Amino acid sequence: EALTAEAGDALYAWGVLCYARHAYGDAAALFCAVQRRRPPSLRLWVAVAAAELARGEHARAAQAFARAHELDPTDAAVLFHWAEAEFLMSHTASALRLLEMMGSTSAGAAGRRPELARWSAELRTRIEQR
């Protein structure tokens with residue numbers, strides 16, 4: 001059953017509130033409930049991924065980041081966080097590949113998200129130390 005825009009926005013806001021209160025499981029459930037009743041969106045996939053990553057569900061987070069990437073292959077932040085999830089699962093080759101993809105798409109993101117380059121360098125160092 002489809003949700004009205006207002007109901008979807010209310011559930012999303014509730015999910016954000018749960019996330020802010022460290023109730024990551026509740027946040028993920030609310031984001032997924034919205035997602036099942038509305039067309040897929042980058043905002044929802046990223047929200048689901050962030051909640052899953054925060055609750056330690058790295059495989060689910062990686063899957064959600066992959067879906068977000070399908071919707072916007074140029075989003076450098078999605079690629080970085082997807083690489084982070086892969087690293088946390090000890091999939092270092094995948095994490096490095098995603099960081100490389102991020103490097104090739106991040107030219108436009110550098111002005112909007114300057115921290116991405118630093119985060120990427122830090123993650124690359126952590127991967128190499130493993």
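Colleague: What is the relative accessible area of Asp9?

Modeller: Asp9 has a relative accessible area of 39%, so Asp9 is partly exposed. On this scale, buried means under 20% relative accessible area, exposed means over 50%, and partly exposed lies in between, with a 1.4 Å probe and protein chains only.

Colleague: What kind of model is this, and how are residues numbered?

Modeller: This is a predicted model, in which local features need pLDDT of at least 70, side-chain atom pairs count only at pLDDT 80 or more, and totals for chains, interfaces and linings use all residues. Residues are numbered from 1 along each chain as its sequence is written, and side-chain values use heavy atoms, with hydrogens and water left out.

Colleague: What is the mean pLDDT of the protein?

Modeller: The mean is 92, and 95% of the residues reach 70 or more. The pLDDT is the predictor's confidence in each residue, from 0 to 100.

Colleague: Which elements have the lowest and the highest mean pLDDT?

Modeller: Helix 7 (residues 109-112) has the lowest, at 60, and helix 4 has the highest, at 97. Helices are DSSP runs of H or I with at least four residues, strands are runs of E with at least two, and both are numbered from the N terminus. Where pLDDT is low, the predicted coordinates should not be read in detail.

Colleague: Back to Asp9. Which residue does Asp9 meet in a salt bridge?

Modeller: Asp9 meets Arg43, with 3.5 Å from N to O. The pair links distant parts of the chain, as Asp9 is in helix 1 and Arg43 is in helix 3, 34 residues apart. A salt bridge here is a side-chain nitrogen of Lys or Arg within 4 Å of a carboxyl oxygen of Asp or Glu. Arg43 is partly exposed, at 42% relative accessibility.

Colleague: Which residues are linked with Asp9 and Arg43 in a network of salt bridges?

Modeller: Arg38 joins Asp9 and Arg43 in that network.

Colleague: How many salt bridges does the whole structure hold?

Modeller: The search finds 6. One of them pairs Glu70 with Arg67, at 3.5 Å from N to O. Those two residues are 3 apart in helix 4, so they are separated by about one helical turn. Glu70 is exposed at 58%, whereas Arg67 is partly exposed at 37%. Another pairs Glu122 with Arg118, again with the closest N and O atoms 3.5 Å apart. Glu122 and Arg118 lie in helix 8, 4 residues apart. An α-helix has 3.6 residues a turn, so residues three or four places apart point the same way.

Colleague: What about helix 3? Which of its residues are buried?

Modeller: The buried residues of helix 3 are Leu44, Trp45, Ala47, Val48, Ala49, Ala51, Glu52 and Leu53. They pack against helix 1 (5-20), helix 2 (24-37), helix 4 (58-71) and helix 5 (76-88). Helix 3 is followed by Gly56, whose phi is positive, near 85°.

Colleague: Which residues is Phe65 in contact with, leaving aside neighbours within four places in sequence?

Modeller: Phe65 is in contact with Ala49, Ala50, Leu53, Val78, His81 and Trp82. Contact means heavy atoms within 4.5 Å.

Colleague: And His69, buried or exposed?

Modeller: His69 is buried, with a relative accessible area of 14%, and lies in helix 4. With neighbours within four places in sequence left aside, His69 is in contact with Val78, Leu79, Trp82 and Met101.

Colleague: Last topic: how many disulfides does the structure hold?

Modeller: The structure holds 0 disulfides, a disulfide being a pair of cysteine sulfur atoms within 2.5 Å.
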